[in-house]
Amino acid sequence: MIEIVNVVGGGGFKIDLDLHKIASKSSLIDMDYEPEIHSGFKFKFDEDGPTVMLFSSGNFHITGAKSVEELYQTHTELKTYIEGISDENDLDYQADCEVRNIVAVNEYSSKLDLETLSDALEESDYNPEDMPAIRFSIGPNYGTFLIYRTGKVIYTGDSDLKNISSAFDDLFKIFDELFNST
């Protein structure tokens, strides 16, 4: 079963923001604003929630959401929060948050022989001295898989849930053909 472990998104308010003012008025969780070190203001609305990185350009990134819905919920909280502490009357709320990357995990039904698999998969990258997984992409319309000997597979680089499901189906068909044909 596919498990979504991280949804990343972002967008922008299309106005400059005074991060010093925003940070000084904030009582958010896990706040970090040190402009001498990093240009963004990092915070969370909830202890277990996604992390928001807000920039003075008005751009923002949200990472760590466990679903697309949680990403959009955090975006709504961010808009409400900025509106509540901003002196700006013309915030551009038409700048929607877009999903930029989804990281998903799935488990194949059995352990995998990575040496055999890496030989069979064209364009795969396997160097067990560097990482105990095969790095593989089925093609240009897919993201990247990390395939582990245990059968665990991590998929990243896609922003569409239907594509993710199709990608796992296609990969597991390849596994079935390689390992269940004998």
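These exercises work through a few residues and side-chain pairs in a predicted model. Residues are numbered from 1 along each chain as its sequence is written. Local features need pLDDT of at least 70 and side-chain atom pairs pLDDT 80 or more, while totals for chains, interfaces and linings use all residues; side-chain values use heavy atoms, without hydrogens and water.

**Exercise 1. Decide whether T74 is buried or exposed, and list its contacts.**

Step 1. Find the element. T74 sits in helix α2, residues 68-85. Helices (H or I, at least four residues) and strands (E, at least two) are DSSP runs, numbered from the N terminus.

Step 2. Apply the cut-offs. Buried means under 20% relative accessible area, exposed means over 50%, and partly exposed lies in between (1.4 Å probe, protein chains only). T74 has 3%, so T74 is buried.

Step 3. List the contacts (heavy atoms within 4.5 Å). Neighbours within four places in sequence are set aside; T74 then touches F45, P50, V52 and I62.

**Exercise 2. Classify the ring pairs F145–Y155 and F145–F168.**

Step 1. State the rule. Rings of Phe, Tyr and Trp (its six-membered ring) pair if their centres lie within 6.5 Å; planes under 30 degrees apart are stacked, over 60 edge-to-face, and the rest tilted. The rule gives 13 aromatic pairs.

Step 2. Take F145 and Y155. Their centres are 4.7 Å apart and their planes are at 45 degrees, so the pair is tilted. F145 is in strand β9 and Y155 in strand β10, so the pair ties together parts ten residues apart in sequence.

Step 3. Check burial. F145 is buried at 0% relative accessibility. Y155 is buried too, with a relative accessible area of 0%.

Step 4. Take F145 and F168. The centres are 5.8 Å apart and the planes at 70 degrees, so this pair is edge-to-face. F168 belongs to helix α4 (residues 161-179), 23 residues from F145.

Step 5. Widen the view. One aromatic cluster is formed by Y108, F145, Y155, F168, F172 and F175.

**Exercise 3. Describe the salt bridge between K42 and D30.**

Step 1. State the rule. A salt bridge needs a side-chain nitrogen of Lys or Arg within 4 Å of a carboxyl oxygen of Asp or Glu. The whole structure has four.

Step 2. Check the distance. For K42 and D30, N to O is 3.7 Å.

Step 3. K42 lies in strand β3 and D30 in strand β2, so the pair ties together parts twelve residues apart in sequence.

Step 4. K42 is partly exposed at 24% relative accessibility. D30 is partly exposed at 41%.
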